[in-house]
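Subject: Structure for you to look at

Hello,

Please find the structure below. My notes on it follow.

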Amino acid sequence: MAIKSEQDYRNRVAKLKPRLFMGGKRVKDLTDHPITRGVIDATARVYALTMDPQYADIMQSMSHLTGEPISRALHIHQSKEDLHRRLDMARLSSQKLGTCNYRCPGNEMLPSLAATTWEMDQAKGTDYHQRFNAFLKSAQENDLVVSGSVTDPKGDRSKRPLEQDPDYYVHVVEKRSDGIVVCGAKQHATGAYTADETLVLPGISCREGEEDYALAFVIPNGAEGVTYIAQYNPFSVERECEADPRVIGNPLYGQRETCLIVFDHVLVPWERVFMCGEIEYTQSFITRFAKTHRMNCGGACKVGFMDLIIGASQLMAEYNGLAKASHIAQKITRMLQLNDTSLACATAAAYMGQEEPPGCGVFMPDEAMSNIAKLNTNDGFWEVMALAGDIAGGIAVTMPSEKELENPDTKHYVAKYLGAAAPAKKRMRMVKFLQNWVAGLHGVGTYQGSGPSQNQMMVLYRIADLETKKRMAEELANGLG
Ligand SMILES: Cc1cc2nc3c(=O)[nH]c(=O)nc-3n(C[C@H](O)[C@H](O)[C@H](O)COP(=O)(O)OP(=O)(O)OC[C@H]3O[C@@H](n4cnc5c(N)ncnc54)[C@H](O)[C@@H]3O)c2cc1C
């Protein structure tokens, strides 16, 4: 059976030995570190959800390559309904995990790769599509976790790749009979060190002379020459130091974990290369990935997160004895409005989706709607965070540790003074949960993940049919029927 169990994934990941550094130290065993273990547990939960019969419609799909049931995380959208189901999967995963599901960026690259490799083969007689399908079939049959990396470090953002250190963008340094050798790095790679494979797409639309940067390929975890350098922040320290994870904000799964991936002369065999030098297709790769990613990750995934923030805010109001205060109800309503606006745009992106390019069998979401879903989320998520902080009160950032409830010197004071309409312990747990959302990494993470607002604004302006709008206005202004 192509759908694997949570235990299958755990067995696989226990054997992975990526060259991973975190907080200045080497992580030798992914299963034995509190942070990487959280990433594994989150990914394992996605496998468990996929096998759960009540979520089968959402989490499973049918392979267009083998006709077998597969995880939707490895599916290529074949219809508008598929696009919509993908949204359901993103929202459900976020609701159940409160963090990244770690199968998303790779999943959202697959349709772009399927469509664009097909298009290149049609026009240029290459065999990229065949190679890609061989990789995809094997990933589907083994139910692999595939992460996705598109974001280069970029260096000086005002300069092109060849105007600065050439390694600021991933590129080919040697072409050999058995494959290509690549150098450079990708940053902010979500969950790459616990994934089976990492897909790499170009992070820039390449121009003439930049052929070495027009690259798409896949590497297995821990390939020779690859180093992973994990993110590290106060939440990392809290998780590392806390023996009892129940007292931290997302006890089971932690923060969204990313890393810098360095490629130091990494050999990629030809059968794993899906573009090499075709500069005219880099824009298609990027825009097809971006619109899929912005519908799912920018839209539906964050809707699932906002569901959690809204639920926690309503609970805090109740724990504080303010459930009936009219301004609280208004604020909760505003949060619902913002959340449902993001959901509406993501849903529209799915239902306005089309086969692209015609004949390839791959469905892509509507570009304007997916970018607007992300744009609404960028602004809406900040406002939802602010409203949640308003409802929770100052305690969202000033609360003592829940461990004071076990300290004989302080437990009576804390139980008394941090209690309200709910006992102190219950209230403190919810405060910590909310703190994780409103006073942590999620604001910037949500805004920047799948691109900051300026990226979406540029797309919207570029694709807008302003000529038609101008003509309509002119016709009426001039009294033409
Ligand atoms: C939690 C999280 C998870 C992520 N996961 C992944 C992942 O799995 N895979 C992946 O590939 N990426 C991932 N990303 C990366 C994400 O897509 C980028 O953070 C985003 O595209 C912004 O790129 P940057 O961080 O380099 O910021 P920058 O590009 O430096 O942007 C910072 C600011 O500078 C502006 N700017 C940048 N360049 C220019 C320019 N040339 N001219 C004018 N203004 C400019 C931007 O508009 C923005 O306002 C993730 C990011 C986060 C925060």
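Helix α4 covers residues 80-97, which makes 18 residues. From first C-alpha to last, α4 reaches 26 Å, close to the 26 Å expected at 1.5 Å a residue. Please keep in mind that this is a predicted model.

The buried residues of α4 are Asp82, Leu83, His84, Arg86, Leu87, Met89, Ala90, Leu92, Ser93, Ser94 and Leu97. At the N-terminal end, α4 is capped by serine 79, which has a side-chain oxygen 3.4 Å from the backbone nitrogen of glutamate 81. Just after the helix comes glycine 98, with a positive phi of about 65 degrees.

The loop between α4 and α5 (104-124) holds tyrosine 102. Tyrosine 102 is not a glycine, yet its phi is positive, at about 65 degrees. Its relative accessible area is 0%, so tyrosine 102 counts as buried.

Histidine 265 is another non-glycine residue with a positive phi, here about 55 degrees. It is found in strand β11, residues 258-269. Is histidine 265 buried or exposed? Histidine 265 counts as exposed because its relative accessibility is 52%, and the cut-off for that class is over 50%.

There is also a cis peptide bond, between glutamate 356 and proline 357, with omega at about -10 degrees. Proline 357 sits in the loop that runs between β13 (354-355) and β14 (363-364).

Serine 284 belongs to helix α8, residues 282-319. With a relative accessible area of 18%, serine 284 is buried, since the limit for buried is under 20%. Leaving aside residues up to four places away in sequence, serine 284 touches Ser112, Thr116 and Glu119.

Last, the cavities. How many of 30 Å³ or more does a search of the whole structure find? The search gives three. The largest cavity has a volume of about 110 Å³. Its lining consists of Phe235, Glu238, Arg239, Ile248, Gly249, Asn250, Gly254, Gln255, Glu257, Lys432, Gln435 and Asn436. By class, two of these lining residues are nonpolar, six are polar and four are charged. Helices α7 (234-241) and α13 (424-438) each supply at least two residues of that lining.

Regards

Technical notes:
Residues are numbered from 1 along each chain as its sequence is written. This is a predicted model: local features need pLDDT of at least 70, side-chain atom pairs count only at pLDDT 80 or more; totals for chains, interfaces and linings use all residues. Side-chain values use heavy atoms; hydrogens and water are left out. Helices (H or I, at least four residues) and strands (E, at least two) are DSSP runs, numbered from the N terminus. The expected span of a helix is 1.5 Å times one less than its number of residues. Buried means under 20% relative accessible area, exposed over 50%, partly exposed in between (1.4 Å probe, protein chains only). A polar contact is a pair of N or O atoms within 3.5 Å; within protein, one must be able to donate a hydrogen and the other to accept it, and residues adjacent in sequence count only if both atoms are side-chain atoms. Contact means heavy atoms within 4.5 Å. On a 1 Å grid over the protein atoms alone, a cavity is a set of points where a 1.4 Å probe fits but cannot get out, and a pocket is an open set with protein on both sides within 12 Å along at least five of seven lines; lining residues have an atom within 4 Å of a point. Grid points are joined across faces, edges and corners, and a volume is the space filled by probe spheres set on the points. Ala, Val, Leu, Ile, Met, Phe, Trp, Tyr, Cys and Pro count as nonpolar, Asp, Glu, Lys and Arg as charged, and the others, Gly among them, as polar.
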